[in-house]
Amino acid sequence: QVQLVESGGGLVQAGGSLRLSCAASGSIARIDDMGWYRQAPGKQRELVASITTGGRTNYQDSAKGRFTISRDNAKNTVYLQMSSLKAEDTAVYYCNADVISWVRGRYAVWGQGTQVTVSS
């Protein structure tokens, strides 16, 4: 079984910064794309940013210029550096990984979520 464990969420004032981390562990043969999603109260879960194994990135328009996604393939870890945070960034942030497991083959794994609250 593969697990994703997120950390780094919390309460921050508008204009501040946070860095989220997500580490994968378990019977991992390979991890392809990794990404961060978020879900605000009453809204659907949405993609914030994603990154391929080779480092190619994709961002939601609202994240461009403020957020940076990166990964350490040797550590099976993905990061999201968030700057210039706004109240509308408040949400539960989820890590996602496209995993190839020795046991189950290819499947999508989700983290448990970490709360980010931006006070205005």
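Trainee: Why is W110 called partly exposed?

Mentor: In this predicted model, W110 has a relative accessibility of 36%. Buried means under 20% and exposed means over 50%, with partly exposed in between, so W110 at 36% counts as partly exposed.

Trainee: And what makes Y37 partly exposed?

Mentor: The relative accessible area of Y37 is 22%. The cut-off for buried is under 20%, so Y37 at 22% counts as partly exposed.

Trainee: Why are the rings of Y37 and W110 called an edge-to-face pair?

Mentor: There are two steps here. The ring centres of Y37 and W110 are 4.9 Å apart, and rings pair if their centres lie within 6.5 Å. The planes stand at 65°, and angles over 60 degrees count as edge-to-face, so that is the name this pair gets. The structure holds one aromatic pair. Y37 sits in strand 4 and W110 in strand 10, 73 residues apart.

Trainee: How do you know that C22 and C95 form a disulfide?

Mentor: Look at the sulfur atoms: from S to S, C22 and C95 are 2.1 Å apart. The limit is 2.5 Å, so the pair passes and is a disulfide. The count for this structure comes to one disulfide. C22 belongs to strand 3 (residues 18-26) and C95 to strand 9 (residues 91-101), so the link spans parts of the chain 73 residues apart. Both cysteines, C22 and C95, are buried.

Trainee: Which handedness does the link of C22 and C95 have?

Mentor: The link is left-handed, with -80° about the S-S bond.

Trainee: What makes R106 and D32 a salt bridge?

Mentor: The closest N and O atoms of R106 and D32 are 3.0 Å apart. A salt bridge needs the nitrogen within 4 Å of the carboxyl oxygen, so this pair qualifies. R106 lies in strand 10 (residues 105-110) and D32 in strand 4 (residues 28-39), so the bridge ties together parts that are 74 residues apart in sequence.

Trainee: Which other partner does R106 have, and at what distance?

Mentor: R106 also forms a salt bridge with D98, with the closest N and O atoms 2.6 Å apart. D98 is partly exposed, at 22%. Salt bridges link R30, D32, D98 and R106 in a network.

Trainee: How many salt bridges does the structure hold?

Mentor: The structure holds seven salt bridges. Another one of them joins the side chains of R38 and E46, at 2.8 Å from N to O. R38 counts as buried at 7% relative accessibility, whereas E46 counts as partly exposed at 31%.

Trainee: Why is R71 said to have no salt bridge?

Mentor: For R71, the nearest side chain of opposite charge is D33, 5.5 Å away. The limit is 4 Å, so R71 and D33 do not make a salt bridge. R71 is buried and lies in strand 7 (residues 67-72).

Trainee: What makes the approach of R71 to the backbone oxygen of T52 a polar contact?

Mentor: The side chain of R71 reaches the backbone oxygen of T52 at 3.3 Å. The residues R71 touches include M34, I51, V78 and Y79.

Definitions and conventions. Residues are numbered from 1 along each chain as its sequence is written. This is a predicted model: local features need pLDDT of at least 70, side-chain atom pairs count only at pLDDT 80 or more; totals for chains, interfaces and linings use all residues. Side-chain values use heavy atoms; hydrogens and water are left out. Helices (H or I, at least four residues) and strands (E, at least two) are DSSP runs, numbered from the N terminus. Buried means under 20% relative accessible area, exposed over 50%, partly exposed in between (1.4 Å probe, protein chains only). Lys and Arg count as positive and Asp and Glu as negative; His and the chain ends are not counted. A polar contact is a pair of N or O atoms within 3.5 Å; within protein, one must be able to donate a hydrogen and the other to accept it, and residues adjacent in sequence count only if both atoms are side-chain atoms. Contact means heavy atoms within 4.5 Å. Rings of Phe, Tyr and Trp (its six-membered ring) pair if their centres lie within 6.5 Å; planes under 30 degrees apart count as stacked, over 60 as edge-to-face and the rest as tilted. Lists of a residue's contacts leave out its neighbours within four places in sequence.
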